[in-house]
Number of protein chains: 2
Amino acid sequence: MPKRVDHAERRSQIAEALVRVAGRRGLHAVGMRDVAAEAGVSLRLVQYYFETKEKLLLFGLEHLAERFGERATSRVRAAGDSPGPRAMVEALLMAALPTDEESRTFHFVYTSYAVLAVTDQALAAQPFIKNPDAAEDAVTELLRQAREADLLRPGVDPRLEAAGLLALSAGLGTGILVGQRGPESAAAVLGHHLDRIFHTPGQGRE
Amino acid sequence: MPKRVDHAERRSQIAEALVRVAGRRGLHAVGMRDVAAEAGVSLRLVQYYFETKEKLLLFGLEHLAERFGERATSRVRAAGDSPGPRAMVEALLMAALPTDEESRTFHFVYTSYAVLAVTDQALAAQPFIKNPDAAEDAVTELLRQAREADLLRPGVDPRLEAAGLLALSAGLGTGILVGQRGPESAAAVLGHHLDRIFHTPGQGRE
DNA sequence: ACTTTGATGATACAGCCGTACCAAATCAAT
DNA sequence: ATTGATTTGGTACGGCTGTATCATCAAAGT
């Protein structure tokens, strides 16, 4: 048979081009031609791999979520060989904050998707419930493990705190995005709440 | 002289039409023709009061912020004749949560504006820094008053907690918006954090 | 080597968008 | 009644959008 090209990789390349241009000019302002130009291919090729724009956007969202997942796990691994629950939770939440350019793009484009998803059923279907729910489950589980290891202050409800931490991180993130708050300030607030939940290793009281 | 019409009121009527249709179909999908139809006027009239779409959007944002301010103060007043700081803070934060249709529209359209503002300098200029900063100042001041009245648990930093509460409320709000979380769940998380900050009136411990 | 199949490029089509222009009503106050 | 602000209607222009059509080019297997 003819030419062999890895379809999945081509689609990923195009999807990353979509994310890049969306991060620069906003998702609402992204056209097929922009994506094609950013990816360095022809408009026709974008249509060839994604027949319609809706499918492109959908795949772009999946790709974005996947890339963020990789980033998050990479951050967690960078926290040490066998990081404690606190370090893992902190790495997880900090990875979601738009501090550097990559995470800023991620947060921005993802929020744009979220806004679109409110009125677009096709977008809302999968990721915007399943994805944060998974994160909440993960953090909840980490807090449970921490509680068993007696790393938490007494009276801490893992599920409630996990939900709060994630919502807090999201809110701080958009605060940074719109320029209301600096990354340091957001990190300080987040750190304060982690201190509130976790015992400080060395001392009993802060 | 000819017909006397209150320009400010007409502009407000059109702006509310903009908010309504934006709440239904999304801000990105709003056109001048849609606004005109929703307001029950001609397209020409919309151009008459707002020469350009950008000015219409700008005024729509100001109008939205103003309307939300009124709603918030009304909610605070509804909390009682002389509500305690906790009731005021709670009313403030709860007013921002998209529970009923009105607040849902507000939160949705406002978030849409925030996303637009990231790439649109004209939109970002005023409201997205000044506005939340004012809210943070207000909550901070309320917490300070509460601390002086010995209503807070020891070791509470008003500014830090105010920033956290507002970011938390914003994050929970978008969580509700995208369908990840119910209003009750969000209210529970928020209430938990208020309990954490404020003393429960009757008892020393929860 | 050639054909088949995949990949690519250029062009064109409707359709909607914001904006603009023109002409004609409508109505209150002088 | 004249004046002038207000409102409406129609109509049209570029420009952009997503999508479709046509033709072409490259490679792999019988």
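Biologist: How much of chain A, out of its 206 residues, counts as buried?

Modeller: Keep in mind that this is a predicted model, where local features need pLDDT of at least 70, side-chain atom pairs count only at pLDDT 80 or more, and totals for chains, interfaces and linings use all residues, while side-chain values use heavy atoms, with hydrogens and water left out. Residues are numbered from 1 along each chain as its sequence is written, and chains are lettered from A and ligands numbered from 1 in the order in which they are written. Buried means under 20% relative accessible area, exposed over 50% and partly exposed in between (1.4 Å probe, protein chains only). By that rule, the buried share of chain A's 206 residues is 45%.

Biologist: How many helices and strands does chain A have?

Modeller: Helices (H or I, at least four residues) and strands (E, at least two) are DSSP runs, numbered from the N terminus. Reading chain A from that end, you get α-α-α-α-α-α-α-α-α-α. The tally is ten helices and zero strands.

Biologist: What area is buried between chain B and chain A?

Modeller: Contact means heavy atoms within 4.5 Å, and 36 residues of chain B are in contact with 36 of chain A. Buried area is the accessible area (1.4 Å probe) that two parts lose on being put together, summed over both. Carbon and sulfur atoms give 69% of it here, and the total is about 3000 Å².

Biologist: Which element gives the largest share of the side of chain B that touches chain A?

Modeller: Elements giving two or more residues to that side are α1, α6, α8, α9 and α10 of chain B. With ten residues, the top contributor is α9(B).

Biologist: Which residue of chain B forms a salt bridge with A:Glu136?

Modeller: A salt bridge is a side-chain nitrogen of Lys or Arg within 4 Å of a carboxyl oxygen of Asp or Glu. Two are counted between chain B and chain A. In the one with A:Glu136, the closest N and O atoms are 2.7 Å apart, and the partner is B:Arg181.

Biologist: Is A:Glu136 buried or exposed?

Modeller: A:Glu136 also forms a salt bridge inside its own chain, with A:Arg159, at 3.6 Å between the closest N and O atoms. A:Glu136 sits in helix α8 and A:Arg159 in helix α9 of chain A, so that pair ties together parts 23 residues apart in sequence. A:Arg159 is partly exposed at 34% relative accessibility. A:Glu136, at a relative accessible area of 7%, is buried.

Biologist: How many residues does the largest nonpolar core have?

Modeller: A nonpolar core is a set of buried Ala, Val, Leu, Ile, Met, Phe, Trp, Tyr and Cys residues joined through side-chain atoms within 4.5 Å. Helices α5, α8, α9 and α10 of both chains each give two or more residues to the largest one. A:Phe198 and B:Phe198 are among those with the most contacts inside it, and its residue count is 44.

Biologist: Which residues does A:Arg196 touch, not counting those up to four places away in sequence?

Modeller: A:Arg196 lies in helix α10 of chain A. It counts as buried because its relative accessibility is 18%. Its contacts reach into both chains, namely A:Arg153, A:Glu161, B:His193 and B:Arg196.
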